[in-house]
Amino acid sequence: MKAFFVVNPTAGKKRALTIWNRLKTLIDIPYEFALTKSPGQATEIAREAVKAGYGKIVAVGGDGTVREVVQALSHSEACLGVIPAGTGNDFIRSVGIPSEPKRALEIIKNGNVRRIDLLRAGDNFFVNVVGAGLDAEVADAVNKSVRFFNGTLTYLVQLMKVLTVYTTRDVTIEIDGKTVKRRAWLVSVGNARYYGGGMMICPDALVDDGFLVVCIVNEISKAELLRFLPCVFSGKHKNHPAYEVLKGKKVKIKFAPPAKVHADGDVIGVTPVEFSVEPGALKVLTWKA
Ligand SMILES: Nc1ncnc2c1ncn2[C@@H]1O[C@H](COP(=O)(O)OP(=O)(O)OP(=O)(O)O)[C@@H](O)[C@H]1O
């Protein structure tokens, strides 16, 4: 099966290009590659590669590159490979791809094919976590901010800024026809466990169980929220009384007033929003069968 590498040279603060230049000397299987020139182009390149009959389409970059490539691979016979070269690289944590590029290349050569689920909103597919509320608001502020500090510090500064104006909102969640009303900080919908560079917001999410999990952070004081959030890195927040998990196949989220919606940390609109799971829609190369 021939491989096609889709390289985002800007991923990982441009580290991806260095990683690729080193790695390509080690590839001893038939392959072609292309470097993206602009956002969104990875989808077009991957589509052409699928059409041309490549069986392994490899995203060299971070979660954004993976997401763009996945748009072209969903429900196709081609398999996704990943050479992690981004900043957060959350997807690989959930599917069992090593973070070291050379070890990830071994999977491209000899790995197993695993079918996983995707999240869907309209015509778009997502691999990790989507959601609405506080985290979307903070993600938006982080993406728009001039970064004087490293990633974690930028996040903390923007979180504190957002918390001066943002409060909990009423939310109606319709999950598989059942309606749940809450007052919440945020609602996350997970296909996989991680977002935001290692935050395990949905510890109960499994990429291949045919379900999405809906994680609600219900109303707590701002002081308590600031104690809660660091626990998300380890998954300990799971036992907090304000944290609630629902499971289903289709979810509609409606905040009042409307809240921003994010997909893997990029703001994609405002509520109301509807997500569904597409069971087994993507083939991924991993060590796990
Ligand atoms: N040639 C390019 N020039 C500018 N932007 C690009 C180019 N190719 C792709 N992009 C954009 O780069 C963005 C970031 O890529 P990606 O998410 O893979 O890296 P990252 O942000 O470093 O990693 P992560 O998402 O894992 O934190 C993507 O949203 C993609 O649309």
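1. Start with Asp 176. Asp 176 sits in the loop between β8 (169–175) and β9 (178–190). Its phi is near 45°, a positive value in a residue other than glycine. Bear in mind that this is a predicted model.

2. Compare Asp 264. Phi is again positive here, about 50°, although Asp 264 is not a glycine. The residue is found in the loop between β13 and β14. Is Asp 264 buried or exposed? It counts as buried, because it has 25 C-beta neighbours inside 10 Å and 20 or more is enough for that class.

3. Check two proline bonds. The peptide bond from Ala 256 to Pro 257 is cis, with omega near -5°. Pro 257 belongs to the loop between β12 (250–256) and β13 (260–263). Thr 271 and Pro 272 are also joined by a cis peptide bond, with omega about 5°. Pro 272 lies in the loop between β14 (266–270) and β15 (273–286).

4. Now the ligand. There are 20 residues around it, and those that come nearest are Pro 39, Gly 62, Gly 64, Gly 86 and Gly 88. Which helix gives the most to this shell? Helix α3 (residues 63–73) does, with four residues. By class, the shell holds 14 polar residues, three nonpolar and three charged.

5. Next, the domains. The domain assignment of the protein chain gives domain 1 (3–110) and domain 2 (129–277). Their C-alpha centres lie 27 Å apart. The contact takes nine residues from domain 1 and nine residues from domain 2.

6. Look at the domain 1 side of that contact. The elements that give two or more residues to it are α3 and α4 (90–95). The largest share, five residues, comes from α4. By class, this side has four charged, three polar and two nonpolar residues.

7. Last, the record. An unreviewed UniProt entry carries the annotation "domain: DAGKc", which covers residues 1–124. In the model, that span is 38% helix and 27% strand. The C-alpha atoms at the ends of residues 1–124 lie 27 Å apart.

Technical notes
Residues numbered from 1 in each chain as written. Predicted model: local features only at pLDDT ≥ 70, side-chain atom pairs only at ≥ 80, totals over all residues. Near = placed C-beta within 6 Å. Nonpolar A, V, L, I, M, F, W, Y, C, P; charged D, E, K, R; others polar. UniProt positions renumbered as here; feature names shortened; annotations may be inferred. Domains from an automatic or database assignment. Contact = placed C-beta atoms within 7 Å. Buried ≥ 20, exposed ≤ 12 C-beta atoms within 10 Å, placed from the backbone.
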